[in-house]
Amino acid sequence: MNVLECRDLHVWFDLPDGGQVHPVNGVSFSLAPSERYGLVGESGCGKSTTILALLGLLPPTATVAGSVSIAGTEILAGGEETVRGHRWRDIAMVFQGAMNALNPVKTVGWQIAEPMRAHGIARRAKARERARELLELVGIPAAAADRYPHEFSGGMRQRLSIAMALACEPKVLLADEPTTALDVMVQAQILELLTRLTDELGMALVLVTHDLPLVSQFCHRAAVMYAGKMVEEGPADQLSWESRHPYTRLLFSATPDLYGDEPVVSIPGAPPRLDTAIVGCPFRPRCDVPMDRCAAELPLLTTAGPGHRAACFRTESVVTA
Amino acid sequence: MTTVAPAELRSTGIFRKVLREHKTAVAGLVILGLFVVLAVVSPYLAPYSITERSCAVFEPPSAQHWLGCDDGGVDMLSLLMRGGQTSLVVGFAATLVAMLLGGTVGILSGYFGGWVDAVLMRITDVLLVLPDLVLAMVIAAVWGPSLFHVILVIGLLEWTTTARIVRAEVMSLRERAYVKRARGLGASNTRVIVRHILPQAGPLLIANTVLTVSVAIYLETALAFLGLEDPSVTTWGTILEHAFARTAISSGAWWAIVPDGFVIAAVSIGCFLLGRAIEDALNPRLKVSHLSGRRWRVRVLAGRGADAR
Amino acid sequence: MRSLDYLLRRGVFTVVTIFLTVTANFFLFRVLPGDAVTNLSRVPHATPELQHALMVRFGLDKSKWDQYLIYLKNLLHGDLGVSFTYQQPVTHLLVEDLKNTVLLAGVGTLGAIVLGILSGVIAAWRRNSALDHLNTGLATLVYSFPSQWLGLVLLILFAGILPAGGMSDLFLFDSPPFWQNIGDVASHMVLPTITLILTAYGGYTLVVRSSMLETLGEDYVLTARAKGLSDRRVVWQHAVRNAMLPMVTMVALDLGYVVGGAVLIEVIFSWPGIGMATYTALSQRDYPMVQGGFLLLTVSVILLNFLADLVYFRLDRRVSA
């Protein structure tokens with residue numbers, strides 16, 4: 001049974017002048033246990049907002065629609081009060097740039113143990129002990145529990161964030177660019193850690209990133225987002241070698257083969273504004289193989305192969321420029 | 001949090017921006033303007049003379065005397081108006097002294113750097129630590145009670161924040177291309193200071209000045225209350241001092257006390273609103289709060305496939 | 001070591017400032033024309049014995065520089081001279097007064113800090129709501145009234161209900177029972193303490209609010225929320241703990257203002273503290289007392305500032321590593 005089911009997720013933000021933006025526009029996907037799922041796209045495509053919405057971590061200016069369920073239980077429809085009970089216990093998050101994600105005036109042991117105490121999973125002594133176990137699990141000596149975040153390097157802080165996220169044994173872990181600010185060696189270590197954790201604990205992982213080679217190597221499946229919509233989804237290696245959407249193809253061809261910290265670039269033009277409704281395919285202005293049909297009709301996600309969908313009218317055959 | 005680079009904003013542009021975006025600034029400006037106008041016209045507008053009796057001792061408010069009278073049978077409203085004029089003059093004069101002193105120190109410190117800066121900044125640090133009122137008390141006591149002394153004392157104690165601000169601006173501006181260019185062309189130090197540096201530091205200085213005015217007025221009332229000001233002069237401070245010393249409370253004459261505090265508070269608030277608004281405009285806070293009393297909303301979309309929720 | 005360096009610098013600064021204050025004290029009263037302390041013709045009730053004693057004490061027949069050295073030597077022995085009015089050592093008289101001032105100022109400042117934190121935190125948490133505007137507006141308003149006026153208004157309101165002045169109504173013979181003593185002092189303390197709280201809390205509210213708003217935008221607050229913690233927990237355990245640091249600085253900066261307020265309040269309520277003593281001494285031209293009071297008040301503030309530096313040092317983990 002799928003551990004996460006997200007169906008037709010929408011997010012709107014109110015603008016100060018009265019309008020609205022629509023950064024997440026009908027996103028659907030599901031996760032199986034131990035699955036590693038990548039979410040890629042340019043800055044502003046809505047991937048970060050999507051995973052924040054899964055946890056209900058939205059500002060008061062937000063409106064949400066759709067269904068998110070963990071192991072069959074709907075968590076989003078009840079609003080902040082309902083989703084709060086599920087946070088960290090069913091679904092947890094590792095934030096971008098762990099530099100500031102940890103409270104500077106509390107020891108790391110305390111911070112890892114805190115959600116256990118708050119959710120009533122363990123009392124003080126037991127929680128502390130478990131916190132130490134988690135530190136060891138991510139490769140940090142248990143004695144470090146009494147230290148403060150600023151005493152750790154960037155890579156170790158990321159491990160701390162992971163240990164903290166595991167505190168309540170969530171079924172799903174969301175990771176927002178967990179390795180972006182780290183050097184290549186440390187990146188590899190973190191990824192290896194995450195691989196081990198998902199395989200051994202049965203935990204599903206959503207990895208938001210714009211590092212495409214990373215996705216091909218590390219994720220089982222991945223999805224590409226554009227202008228708030230999911231434009232392609234499938235097995236991670238197929239996305240790079242057998243893209244069915246022009247955007248995906250252009251994305252992956254813009255990236256060098258080896259690991260690098262290059263931002264994804266080189267598609268001319270810019271993503272569309274999200275405060276007005278878009279007619280037709282949102283990618284059309286930048287597409288290299290547009291058709292007349294694309295201007296008036298919105299392509300929906302259709303099957304392009306086993307476990308592989310794409311939202312493009314050219315999906316029948318592999319598209320080449 | 002980002003700081004708007006000074007080079008991008010011209011002085012006049014900032015004021016228009018502040019007034020447009022911050023209603024509080026407008027409110028502050030209006031309040032202050034009102035009091036300044038009142039202060040100027042008070043000799044003509046005050047209903048009674050403040051040197052002659054026009055009512056009974058501690059006469060309560062009535063139709064002829066809206067705010068009653070003090071212990072000397074002088075109309076309270078007139079006292080407040082004429083007193084306001086003097087208080088505001090003292091406030092502005094003291095602030096002027098503080099600004100000139102602080103501005104000079106700041107410019108010298110920021111422009112020349114090195115040991116000049118070190119010495120001046122240490123002096124600033126020391127002065128910041130010392131308690132204002134206690135120092136003022138003692139200096140005024142030794143000097144003797146007079147309005148002039150009070151103005152000087154306040155000015156001598158309140159220049160430090162101005163100096164810090166000016167110094168910071170000068171240091172950041174000193175390195176900018178156009179200043180270097182001007183110096184390269186042979187402009188003297190004075191010329192550079194006046195033509196290039198002062199205008200840019202202007203808005204922040206104005207904000208600081210406005211806030212210093214309220215501090216000056218507060219100190220004036222405190223010194224007057226402690227008997228360190230010429231008692232024959234009428235200021236908002238001496239009005240309170242007279243009320244206290246001449247048993248207004250036991251006589252139940254609240255009108256000799258209460259309105260005085262309100263006018264002082266009004267001017268303070270006006271200064272505060274305006275000063276803060278300018279400071280905020282120059283250093284906009286862009287941070288979002290991750291916590292709020294209000295919540296995000298859930299919308300139910302109808303007719304969207306089998307799982308309409 | 002970074003930490004020792006900081007303490008050393010602040011320590012040296014404190015010592016130097018005290019020294020400058022001491023010197024300024026001498027300068028103001030002894031060097032300026034109209035030497036206030038030792039101009040014997042100015043001394044009220046100057047009997048020949050007193051005059052002779054003063055001559056010896058202050059070395060009036062010696063040069064100014066020698067007098068300065070004698071002054072410093074006397075200071076090191078805790079000798080602040082002899083009061084003209086009471087014909088007793090100033091130090092002895094002021095130590096009693098110091099206790100009373102510490103009582104009033106201590107309780108008052110504490111109350112102001114607590115009230116300031118409460119209203120500042122609430123205002124920031126419910127930013128831009130009615131609660132925020134109420135708290136912030138009230139704080140600004142009360143802060144704008146001069147302290148002496150606040151005291152006078154309280155007197156008007158409560159004269160007859162609460163004692164209007166002094167510290168105690170009990171006569172000193174027949175030593176009254178301990179609790180009656182405490183109760184009596186407490187009832188005398190109510191009005192002046194409330195006045196001091198009102199004087200200071202407004203400034204604290206505004207700084208706490210400002211500091212909290214900064215903190216509430218930090219990543220670790222979002223993390224705390226993501227952990228499923230209640231709002232109250234997020235505010236008090238994560239936000240407030242971090243917002244505290246600027247508060248210490250703020251308390252230190254405001255010390256001068258609070259002491260000034262305390263002086264005015266002591267005068268209004270005839271509270272027998274140093275402020276009151278200095279004020280009385282001023283009107284009686286008892287210059288040794290004025291000098292002593294000034295010195296004690298100023299040095300206290302300087303030392304308290306240093307204490308604040310120590311507290312800050314202890315609180316900021318990053319500095320004390």
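Over all chains, the count of disulfides (pairs of cysteine sulfur atoms within 2.5 Å) comes to one. The bond joins C55(B) to C69(B). This is a predicted model, in which local features need pLDDT of at least 70, side-chain atom pairs count only at pLDDT 80 or more, and totals for chains, interfaces and linings use all residues; side-chain values use heavy atoms, with hydrogens and water left out. Residues are numbered from 1 along each chain as its sequence is written, while chains are lettered from A and ligands numbered from 1 in the order in which they are written.

**Disulfide and cysteines**

- A disulfide is a covalent bond between the sulfur atoms of two cysteines.
- Between C55(B) and C69(B), the S to S distance is 1.7 Å.
- The link of C55(B) and C69(B) is left-handed, with -120 degrees about the S-S bond.
- Both C55(B) and C69(B) lie in the loop between α2 (23-45) and α3 (76-112) of chain B, so the pair ties together parts that are 14 residues apart in sequence.
- Helices such as these are DSSP runs of H or I with at least four residues, strands are runs of E with at least two, and both are numbered from the N terminus.
- C55(B) is buried at a relative accessible area of 9%, and C69(B) is buried at 0%.
- Buried means under 20% relative accessible area, exposed means over 50%, and partly exposed lies in between (1.4 Å probe, protein chains only).
- C45(A) is in no disulfide, and the nearest cysteine sulfur, that of C6(A), is 14 Å away.
- C45(A) is buried at 3% relative accessibility, and C168(A) is buried at 8%.

**Helix α11 of chain B**

- Helix α11 of chain B covers residues 258-282, which is 25 residues.
- From its first C-alpha to its last, α11(B) reaches 37 Å, close to the expected 36 Å; the expected span is 1.5 Å times one less than the number of residues.
- α11(B) is mostly covered, with 18 of its 25 residues buried.

**Chain C**

- Chain C has twelve helices and zero strands.
- Of the 321 residues in chain C, 54% are buried.
- Among contacts in chain C (heavy atoms within 4.5 Å) with a separation of 6 or more, 74% are between residues 24 or more positions apart.
- Chain C exposes about 14,300 Å², of which carbon and sulfur atoms supply 68%.
- Accessible areas come from the Shrake-Rupley method with a 1.4 Å probe, and for residues only the protein chains shown count as cover.
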